[in-house]
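Here is a note for a colleague who is opening this structure for the first time. The points can be read in order beside the sequence and the 3D view.

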Amino acid sequence: MSKTIAINAGSSSLKWQLYEMPQEEVLAQGLIERVGLPQSISTVKWGDEKDTQTLDIPNHEEAVKILLDDLIRLGIISSYDEITGVGHRVVAGGEIFKKSTLIDDKVMEEIAELSELAPLHNPANLQGIKAFKHLLPNITSVAVFDTAFHTTMPEKAFRYPMPNKYYTDYSVRKYGAHGTSHQYVSQKAAEILGKDIKDLKIITCHLGNGGSITAVDGGKSVDTSMGFTPLAGIMMGTRSGDIDPSIFPYIISKDENLETAQDVVDMLNKQSGLLGISDISSDMRDVEAGIKEGNEKAILAYEMYLDRVEKYIGQYFAVLNGADAVVFTAGVGENAADIRERVATDLSWFGLTIDPVKNVRGFEGVISTDDAKVKVLAIPTDEELVIARDVQSFQN
Ligand SMILES: Nc1ncnc2c1ncn2[C@@H]1O[C@H](COP(=O)(O)OP(=O)(O)O)[C@@H](O)[C@H]1O
Ligand SMILES: CC(=O)OP(=O)(O)O
Ligand SMILES: [Mg+2]
């Protein structure tokens, strides 16, 4: 019997699941929200029980301490010796990490160096890794990279049309992200549809706080909306997605609060997207509440979000020369039935027809009508399970 923890350290949250492996039984799961903000909330669920604490958790290292304390405090485990493995989600693996990897000092250094490719994520991921190395130094520790699934993209898709030296000398290219999620939901979609994934063309829409859309051909990523960093692609909670880079020098010259290109990137990462347009929140639920009150900015934010999502789906119909299925996942994709319905309605020419009876929050499976040309699915993602399986593969 061996227990494995999967750690998904997001930019402001830490999600974890404790598994009994290899049975893949979930023993407990938790979410620590608002890491780095006052009044962080830590929730643990196990069996039929639930525990919630509100306390200040300044960083991901502290978050790991709290979760390990909770496992003992709540009687979920009796000793840390029961835990034999930990898997950490790491967003950027660059061109170095093409698959999951055992973590040693060199790997930690490389993850730190790759922070430029995921400035909101890799530092948080690394804090989680270091905290575990410190507190449980002898367990199997594995890094699972968001970028790994996208290493199958063809060069024509991952290169930017810039002078070659920026790729050859500085590795400037598209890396993508959320790969573990795109991989999991595309595989799950094939299972639900009763087909071999090799025979399917699938467009996966991971719409969370960050969001990305991927074209999956025969189980392989052939294009994805995120780029050199997770700032590119669709509009997100606080991130702009694609914009014209000429805006950089222009706004630096106009706005005295912006001095460097890095200032602009920070603004595009942290103050843009739904938050920047709605002036309410980065959270789609708050934007939708604003729409109910008739807030014009909230309506615009919602419409812009849909516009970007729909354009990327349209692009990937072109990349794949048609698709068999479109999959929605992550916080927005799993829960916002209204968004799934709008996308399907706006793209009805492509043959997406939603069945309103099935298209409800929390439903897992096909939500399109039986005669829809393109199947539409809602599938809760499970990045943690993929991480735990990868840890297990190092323990056999
Ligand atoms: N019922 C809902 N309706 C609309 N959006 C929702 C709903 N529930 C959650 N969300 C959205 O999901 C987002 C979080 O998604 P998640 O995949 O958990 O993000 P991340 O992993 O990037 O932190 C929230 O910001 C919120 O906008
Ligand atoms: C890469 C990325 O955007 O991750 P998240 O959605 O968890 O912020
Ligand atoms: Mg996420």
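1. Trp-16 stands opposite Gly-30 in β3. Seven bridges join β2 to β3, and these two strands run antiparallel. Strands here are DSSP runs of E of at least two residues, helices are runs of H or I of at least four, and both are numbered from the N terminus. Two strands count as paired if DSSP finds at least two bridges between them. The hairpin of β2 and β3 has three residues between the strands. There, Glu-24 takes a positive phi near 65 degrees.

2. A word on the basis. This is a predicted model, in which local features need pLDDT of at least 70 and side-chain atom pairs count only at pLDDT 80 or more, while totals for chains, interfaces and linings use all residues. Residues are numbered from 1 along each chain as its sequence is written, and chains are lettered from A and ligands numbered from 1 in the order in which they are written.

3. Gly-30 also stands opposite Val-44 in β4. Five bridges join β3 (residues 25-33) to β4 (residues 40-46), again antiparallel. Glu-33 stands opposite Ile-41 in β4. Six residues lie between β3 and β4 in their hairpin. Arg-34, in that turn, has a positive phi of about 60 degrees.

4. Eight strands form an open sheet with mixed pairing, in the order β5-β4-β3-β2-β1-β6-β8-β7. β5 (49-55) and β7 (101-102) stand at the edges with a single partner strand each, so one side of each has no neighbour in the sheet. Helix α14 (residues 383-395) lies across β1, β2, β6, β7 and β8. α14 runs at about 125 degrees to β6.

5. There is also an open sheet of six strands. The order is β11-β10-β9-β12-β14-β13, and the pairing is mixed. Its edges are β11 (220-224) and β13 (365-366), each with a single partner strand, so one side of each is left without a neighbour in the sheet. Four bridges join β10 (residues 211-217) to β11, and the two run antiparallel. Val-216 stands opposite Ser-221 in β11.

6. How do two helices pack? α11 (residues 296-319) and α13 (residues 337-346) pack at an angle of about 55 degrees, with their axes 10 Å apart. Axes are lines fitted to C-alpha atoms, for helices over the stretch in contact, and angles run from 0 to 180 degrees between N-to-C directions. α11 and α13 are therefore oblique to each other. Angles under 35 degrees count as roughly parallel, over 145 as roughly antiparallel, 65 to 115 as roughly perpendicular and the rest as oblique. Leu-306, Val-309, Glu-310 and Ile-313 of α11 meet Ile-339, Arg-342, Val-343 and Asp-346 of α13. Contact requires C-beta atoms, placed from the backbone, within 7 Å.

7. Which residues are closest to ligand 1? They are Gly-208, Asn-209, Met-284, Gly-331 and Asn-335, among 14 that surround ligand 1. A residue is near if its C-beta atom, placed from the backbone, lies within 6 Å. α10 (284-292) and α12 (330-335) each supply at least two residues of this shell. α12 gives the most, with four residues.

Terms used. Contact = placed C-beta atoms within 7 Å.
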